Amino acid sequence: MTIVSAPEPVALRRPAAVVLVGGLVALVVGTFLPWLRSGSATRNSYAAGGALRRILDPGGALGGALAVWPFVTLACAAAIALVLLGRIPAGAVVALLAACAAGSAGAVALAAAPRPYVRAAALGPAVTLAGAAVCLLGALACLLARHRHPDRSSR
């Protein structure tokens, strides 16, 4: 009896693509970890962003950033799908945009000063920032590998 397994996507045979996808996964996991502590309650990045929008009603760039924050995860999913479909350069560009947004949010959250009743939790922003850094390295490696060997198809 022979067991036939599904073939591995060609894109994941490239180390840079594996690093890119691993960074994206870590980035997304970090967004679901605690970002905000209030008393004994913790909130992930999505709940924290929603609370900030309701309480502060921010306008301008901060309001826009909070409004589009949930779409960062969708951008990560799109980047992973593009990589798995063999569209590595396109996936790397989408991943770069998502990593810049998430990395910035993680850095801002880690640098935020504690308030009397609310303080930033370190775990979620740190994992998100680390995932964004790995994602940036993987995306740049994918794009540079493509640039160095333009005659190769994206494998």
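## The largest pocket

In this predicted model, the largest pocket has a volume of about 910 Å³. Its lining is made up of 28 residues. Those that lie nearest the centre of the pocket are Ala48, Leu52, Leu66, Val108 and Ala109.

Several elements take part in this lining. At least two residues each come from β1 (36–38), α2 (45–56), α3 (60–68), α5 (88–111) and β3 (119–120). The largest share belongs to α2, which supplies 7 residues. Sorted by class, the lining of the largest pocket holds 21 nonpolar, 4 polar and 3 charged residues.

## Helices α1 and α4

Helix α1 spans residues 15–32 and helix α4 spans residues 70–84. Their axes lie 10 Å apart, and the two helices pack at an angle of about 160°. Angles over 145 degrees count as roughly antiparallel, and α1 and α4 are therefore roughly antiparallel to each other. The crossing in which α1 passes α4 is left-handed.

On the α1 side, the contact is made by Ala17, Leu20, Val21, Leu24, Val25, Leu27, Val28 and Thr31. On the α4 side, Val72, Thr73, Cys76, Ala79, Ile80 and Val83 take part. By class, this contact of α1 with α4 has 12 nonpolar and 2 polar residues, with no charged residues.

## Helices α1 and α5

Helix α1 also packs against α5, here at an angle of about 35° and with the axes 11 Å apart. The crossing of α1 and α5 is left-handed. From α1, the residues in contact are Ala17, Leu20, Leu24 and Leu27. From α5, they are Ile88, Ala92, Ala95, Ala98, Ala99 and Ala102. The contact of α1 with α5 has 10 nonpolar residues, no polar residues and no charged residues.

## Helices α4 and α5

The axes of α4 and α5 are 8 Å apart, and these helices pack at an angle of about 160°. That angle makes α4 roughly antiparallel to α5. Their crossing is left-handed.

In α4, the residues that meet α5 are Val72, Ala75, Cys76, Ala79, Leu82 and Val83. Their partners in α5 are Ile88, Ala90, Gly91, Val94, Ala95, Ala98, Ala101 and Ala102. By class, the contact of α4 with α5 has 13 nonpolar residues, 1 polar residue and no charged residues.

Terms used. Residues numbered from 1 in each chain as written. Predicted model: local features only at pLDDT ≥ 70, side-chain atom pairs only at ≥ 80, totals over all residues. Heavy atoms only, no water. 1 Å grid on protein atoms, 1.4 Å probe; cavity = no way out; pocket = protein on both sides within 12 Å on 5 of 7 lines; lining within 4 Å. Points joined across faces, edges and corners; volume = space filled by probe spheres on them. Helix = DSSP H or I, 4+ residues; strand = E, 2+ residues; numbered from the N terminus. Nonpolar A, V, L, I, M, F, W, Y, C, P; charged D, E, K, R; others polar. Axes fitted to C-alpha atoms, helices over the stretch in contact; angles between N-to-C directions. Parallel < 35°, antiparallel > 145°, perpendicular 65-115°, else oblique. Left-handed = near helix turned anticlockwise from the far one by under 90°. Contact = heavy atoms within 4.5 Å.
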